[in-house]
Amino acid sequence: DLYNILKLRPNPYMTSTVFWSTVEMNRNHYGNAYVWCRFQGPQLKDLWIMPSQDVTVIVDDQGVLGTKDKIWYRYNDRHTGKIYTFASDEVMHFKTSSTFDGLIGMPVRDILKTTVDGALESQKFMNNLYKTGLTGKAVLEYTGDLNQEARDRLVNGFEQFASGSKNAGKIIPVPLGMKLVPLNIKLTDSQFFELKKYTALQIAAAFGIKPNQINDYEKSSYASAEAQNLAFYVDTLLYILKQYEEEITYKILSSQLINQGYFFKFNVNVILRADIKTQMDSLSTAVQNGIMKPNEARDYLDMPADDYGDVVM
């Protein structure tokens, strides 16, 4: 029953894929993801995602709600205005690896605040360059002195003539004794592309993702797609999945089942799966040397079990 809830349908409205990707989205964006486990007696009925921005973690340091220093989760339903309080063993709490107290995770966007702010400013700079034809304003050189009113009138006249598509490509008349010198600002001069690339790498690094995962193959040194996927699993997914497995096992399984050795584990064979020839050679070796049963090898390939396949050879 637990397998069907976790693998197929955590609740009536979400498939397993949508459910866990939503949990991961909340975990990264808000730093914390909260899942309410609805039990009916000892039996788990379904799982529900609580919006992270509506949940507050409370440490009962005075023992007001019972046991002193116990952790509670308060959920404020924005649609009905009701407030619900859940015990820690009713809520699965997934957090980012950046945390200072072990209770609340830090959002990746907070870690990257300076970088993201800089990226937004550089994008504004880029947009302004496009609006002005990828160039800055010109310098008007003249000999003599003009009062403020005359100077403003002269500048406004040049700006009106130089702006707008109807005057594009036309000759700008310059009064005698004056010289109009354009300030050419190129994208290469402002190092815009270098900044964009550096920002992308910083954001990817904050999520633990290698450059090749965002299609940056400039310094890729992997021998094969299999080696690339293995690096992605070890360097990025391993910590995340380990945290999920530990929290799900502790919150959903009873202490008796845990003591008997039961646990939950994600199947990562999908990203580590090799080409068909390597798979067959590895499985054949495992079966022939008594490491795997034939049915276990068939199960790895998503094939049905055989009546005689549960024998170690």
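Arg27 is buried, with a relative accessible area of 3%; here buried means under 20% relative accessible area, exposed over 50%, and partly exposed in between (1.4 Å probe, protein chains only). This is a predicted model, in which local features need pLDDT of at least 70 and side-chain atom pairs count only at pLDDT 80 or more, while totals for chains, interfaces and linings use all residues. Residues are numbered from 1 along each chain as its sequence is written, and side-chain values use heavy atoms, with hydrogens and water left out.

The side chain of Arg27 meets that of Glu24 in a salt bridge, 2.9 Å from N to O. The term requires a side-chain nitrogen of Lys or Arg within 4 Å of a carboxyl oxygen of Asp or Glu. Both residues lie in helix α2, three residues apart, about one turn of the helix. Helices (H or I, at least four residues) and strands (E, at least two) are DSSP runs, numbered from the N terminus. An α-helix has 3.6 residues a turn, so residues three or four places apart point the same way.

Helix α2 covers residues 16-30, and its end C-alpha atoms are 21 Å apart, which agrees with the 21 Å that its 15 residues should span at 1.5 Å a residue. The expected span is 1.5 Å times one less than the number of residues. The buried residues of α2 are Ser16, Phe19, Trp20, Val23, Glu24, Asn26, Arg27 and Asn28. Gly31 follows the helix and has a positive phi, near 90°.

## Sheet β2-β1-β6

An open sheet of three strands has the order β2-β1-β6, with antiparallel pairing. Strands β2 and β6 (91-95) stand at the edges with a single partner strand each, so one side of each is left without a neighbour in the sheet. Neighbouring strands are turned by 20° against each other on average, direction ignored. Such angles run from 0 to 180 degrees between N-to-C directions, and the axes are lines fitted to C-alpha atoms, for helices over the stretch in contact.

Strand β1 (residues 32-40) pairs with β2 over seven bridges in the antiparallel sense; two strands pair if DSSP finds at least two bridges between them. Val35 has Ile49 in β2 as its bridge partner. Lys45 also lies in β2 (residues 43-50) and counts as partly exposed at 35% relative accessibility. Lys45 and Asp1 are 44 residues apart in sequence, and their C-alpha atoms are 9.0 Å apart in space.

## Sheet β3-β4-β5

A further open sheet has its three strands in the order β3-β4-β5, and the pairing is antiparallel. At its edges stand β3 (55-60) and β5 (83-87), each with a single partner strand, so one side of each is left without a neighbour in the sheet.

Strand β4 (residues 70-76) is joined to β3 by six bridges, and Thr56 has Arg74 in β4 as its bridge partner. Five bridges join β4 to β5, with Asn76 opposite Ile83 in β5. Strands β4 and β5 form a hairpin with six residues between them, and Gly81 in the turn has a positive phi of about 80°.

## Further salt bridges

The structure holds eight salt bridges. In one of them, the side chains of Arg38 and Asp46 meet at 2.8 Å, N to O. Arg38 counts as partly exposed at 32% relative accessibility, whereas Asp46 is buried, with a relative accessible area of 7%.

Glu246 forms a salt bridge with Lys242, with the closest N and O atoms 2.5 Å apart. These two residues lie in helix α7, four residues apart, about one turn of the helix. Glu246 is partly exposed, with a relative accessible area of 45%, and Lys242 counts as partly exposed at 45% relative accessibility.

Leu230, Val234 and Leu238 form a nonpolar patch on the surface, with about 240 Å² of accessible area together. Patches are made of residues with over 30% relative accessible area and no salt bridge, like charges being joined within 9 Å and nonpolar side chains (Val, Leu, Ile, Met, Phe, Trp, Tyr) within 5 Å. Accessible areas come from the Shrake-Rupley method with a 1.4 Å probe, and for residues only the protein chains shown count as cover. Leu238 is in helix α7 (residues 225-252) and counts as partly exposed at 35% relative accessibility.

Asp302 lies in the segment after α11 (294-300). Asp302 has a positive phi of about 60° although it is not a glycine. Most residues other than glycine have a negative phi. Asp302 is exposed, with a relative accessible area of 65%.
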